[in-house]
Amino acid sequence: MVFYLAIAVATVALAALVRLEPERMDACRQTSGSFGKDKDAQPGVCGKQNEGALGYVDTGVRLCACRGYGAKGVSRRQACNMLCLFSIFTILFAVSACRLNVGNDYAKYVEFMHLIACGAVNYVPTEVGFNVLVAALYRLSGSENFLLVFGVFAFFTIGLFLKAMYEQSDSFGWSFFLFMAFGFYFSTFNTVRYYLALALALYAVKYVLKREWGKFLLAVLVGAAFHKSMFVVILLYPLAALAWKKWQLALMALFCTTFFFMQDFYLRAVVFLYPSYEDTEYLEGGVSWFNILRCAGVLALSFLYYRQAVEGSRRNRFYFFCNLGALVLYTCCSFLPIITRIGYYLNMTQILFIPAILVKIKDRRQRRFWSVAVALAAAGYFALYLMRAGQDGIRVLPYRTFMFHEMVPILSDVN
């Protein structure tokens, strides 16, 4: 636990040193031809420095300054950003890639990889992308090098998460702090296929906001090749991007009532999509109180500053409806066994939405108050996560590494 806490503190401290360059902000906030009249779009206007508990960054879109950018080479700020980002990536990647039998399903994945290497693909529930990648890496390494496979997944998962936060957040420091505090990083030790898809989904949000649907669909197809749950964002993200009217929200609320009296139908649909779940404990479902409280808290904050932060901002409105949709799923669809995974595709945007709200609060005292409140709440959530990290279903503690420990026998070894 102390080791994980030290990792979180060290990387968050490095993240606080990152300052977004104007051209990075253009990637997610330049709105020409994409957003129309949007509070986020201020072409030619120099941004102003925002303040906060973790040190807000310059969020202005300085197009006039960016036109000639690049002629002078790498700036000092860029060099500092690259050094901090590289250091963060190296720490997180090393911890993830060097782990051994850390994660609730680590041994199960090693078993799947062994079966794939033996040609018994029909006996594994994994998607074609995972199967092909494992076969290729095992062939290249000349042995069943499962550490290499976990390392490759860690490389791309962490890289995509960092890239998404750096390109799309109003404050990389805030987003990264929330990413660590909400347990997303340590959760990547479990279900590596799913978290790779989740990272790709977060990165693909920018394509939705820019209406670059071809790139969005390509990202979905790549992610679904590793975890087919990513197909749900083809429906969820475009819905969240709509400018919903009150009567449309009323109709959607009416539709949501079907989750209470058509549960058998929806369960059969889940079994059809996930045949391996049939007659298993995975069909039990369960209420995710932590996710419900977190979504409710974020929505409460967004309602308080709706006019300042959400109204008129297509980007923030998208985040708002993602969190509203996640709350609906967690409260109305708790009987579904995969609801947490589906919900994460929506509430993962909280690490982008919360900083976007805080930087829009005009009153300095209120902004400081909510910055401290959010930081304390997130820190408390992280403490609770670490306390539960050794339990079944999570099991990211205790930490073990291949440098000092041996892999436990898998099912094929026993038989």
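1. A contact here means heavy atoms within 4.5 Å, and among contacts in the protein between residues at least 6 apart in sequence, 78% join residues at least 24 apart. The model is a predicted one, in which local features need pLDDT of at least 70 and side-chain atom pairs count only at pLDDT 80 or more, while totals for chains, interfaces and linings use all residues. Residues are numbered from 1 along each chain as its sequence is written, and side-chain values use heavy atoms, with hydrogens and water left out.

2. The protein has 22 helices and zero strands, these being DSSP runs numbered from the N terminus (helices H or I, at least four residues; strands E, at least two). Of its 415 residues, 51% are buried, where buried means under 20% relative accessible area, exposed over 50%, and partly exposed in between (1.4 Å probe, protein chains only).

3. Helix H20 (residues 350–358) is largely enclosed by the rest of the structure, because nine of its nine residues are buried; among them are Gln350, Phe353 and Pro355.

4. Asp170 lies in the loop between helix H7 (146–168) and helix H8 (172–181), and counts as buried at 0% relative accessibility. The side chains of Asp170 and Arg315 are joined by a polar contact of 3.2 Å (a pair of N or O atoms within 3.5 Å; within protein, one must be able to donate a hydrogen and the other to accept it, and residues adjacent in sequence count only if both atoms are side-chain atoms).

5. Searching the whole structure gives zero disulfides, a disulfide being a pair of cysteine sulfur atoms within 2.5 Å. For Cys333, which is in no disulfide, the nearest cysteine sulfur is that of Cys332, 5.9 Å away; Cys333 is buried, at 0% relative accessibility.
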